[in-house]
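Open your viewer and get ready to select residues by number. This tour goes from pockets to cores.

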Amino acid sequence: MTDIEQIKAEALAAIGAAAALEALDAERVRLLGKQGQVTALLKTLGGMSPKQRQSEGPRINGLREAVADAIAARKEVLESAALEARLASERLDLSLPAPERPRGSVHPVSQVMDELAEIFADMGFAVATGPEIEDDWHNFTALNIPETHPARAMHDTFYFPDHMARDGKKMLLRTHTSPVQIRTMTSQEPPIRIIAPGRVYRSDSDATHTPMFHQIEGLVIDRGIHLGHLKWTLETFLKAFFERDDVMLRLRPSYFPFTEPSAEVDVGYSLKDGRRIVGGSEGWMEVLGSGMVHRRVIESCGLDPDEYSGFAFGTGVDRLAMLKYGMDDLRAFFDGDLRWLKHYGFQALDVPTLSGGVGA
C-alpha cells in the first residue's frame, strides 16, 4: 500500500468514525484546510517534473475527491440523525396561543361607511358614486342653489381656475355628494333609492371641521313619497346604526335650497359620566339634514314633479363615527397617527352585519 493509499484509508476511517458534526468539521480542516494533509500533497505537484506530475497528479486529486465525497456523505448522515433526535425530543404545545404579529386595521371612516352601506342595503338602497371634481351646474345650479347663495362663495368652495372650465361651467371640488343624486336622476328612471357616500371639500378647519371630510346622502324618488316615509327611514337607520331601540328623533323646520319642506334631525341623548350617549331624551343634538326634494330639482333632472316626489337626507360620516365611538377631534382622522389608528381602528375581519351587529 503506497503512502497515498495509506493516507486515504486513514482519512476515510476517521471521517466514518466522526460521531458529531463538530468532529466531522475538525476532520475536514485537518485534511482539506489550508494547512491540511491532503492540501499539503496538492502543493507538492508544483515541484515535480512533468513526468512525475503526470503519474502522481491523478492519484493526489483522486485522494482529494474521495475525502471530499466522504465528508459530504457523512455530513448528510449526521444532519439527518440530528434532525431525527430533535423531532423525537421536542414537542409543540398546540394549546398555547399563537404569538401576536403586527397587523393592520380598518380606519373608523371606512368601518362606518361599511356599516352605513349594510344598513341601507337592508332597506333596499343601492350605493351610487360620482366624480369628486364637479361642475357648478351639478354641484349648485341643478340643486336650486342661486348664484348669490353663500355656499358658492370663494371662501367656502375650492374652485379651479377659469381656464379649466368645461362647456362654460366652472369646475370645483364638490362641496357635498348631492351631485351624485342629480347624476342618478338624469341617468335612470324612477323608482330611485340610493345612498351616495364619498369625500367632499370645503374651506374650513377646526376641531370639528376639516377641508376634506366624508358625507353620505340618501335619495328616494317615486310616486306617492311623503314626509312619513322620510321619518321612518331616518328612524330605522339611526336605531340600527347606534344599535339602540330607544333612539328618539326630533324634526325641526329648516331651510335648504334643494328640499321643501326641510328639516334638521336631532336625536335624544342621555349623560353618563359627563359623556353624551345616544338614547333617551335628556337633551337633543343635531345629526343630519333632510327634506322633501324641491320641485325645481326634480324638474332640473327632466322628471315631472306632479308625477314624482321624493325625499333626501345627508350627514357627515366622520361626525357619526365621532358620536358613536367617542372620538373628540375630527382632525385626528386625517393625521395618519398609527397610535390613534391602533386605538380606534377595527380588525380587518370585523365585517359589519345586521345579524352580528353593525359595530361588531
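Which element gives the most to the lining of the largest pocket? Select strand S9 (283–293): S9 gives eight residues. This is a predicted model, where local features need pLDDT of at least 70, side-chain atom pairs count only at pLDDT 80 or more, and totals for chains, interfaces and linings use all residues. Residues are numbered from 1 along each chain as its sequence is written, and side-chain values use heavy atoms, with hydrogens and water left out.

**The largest pocket.** Its volume is about 1500 Å³. A pocket is an open set of points on a 1 Å grid over the protein atoms alone, where a 1.4 Å probe fits, with protein on both sides within 12 Å along at least five of seven lines; lining residues have an atom within 4 Å of a point. Now select Glu286, Val287, Thr315, Gly316 and Arg319, the closest to its centre of the 50 lining residues. The lining holds 21 nonpolar, 19 polar and ten charged residues.

**The second largest pocket.** Its space is about 230 Å³. Select Arg101, Ser105 and Leu338, which are among its lining residues.

**The largest nonpolar core.** Such a core joins buried (under 20% relative accessible area, 1.4 Å probe, protein chains only) Ala, Val, Leu, Ile, Met, Phe, Trp, Tyr and Cys residues through side-chain atoms within 4.5 Å. This one has 40 residues; Leu116, Phe237 and Phe333 are among those with the most contacts inside it. Zoom in on Phe333: the residues it touches (heavy atoms within 4.5 Å) include His107, Met327 and Trp340, not counting residues up to four places away in sequence.

Terms used: Buried means under 20% relative accessible area, exposed over 50%, partly exposed in between (1.4 Å probe, protein chains only). Helices (H or I, at least four residues) and strands (E, at least two) are DSSP runs, numbered from the N terminus. Grid points are joined across faces, edges and corners, and a volume is the space filled by probe spheres set on the points. Ala, Val, Leu, Ile, Met, Phe, Trp, Tyr, Cys and Pro count as nonpolar, Asp, Glu, Lys and Arg as charged, and the others, Gly among them, as polar.
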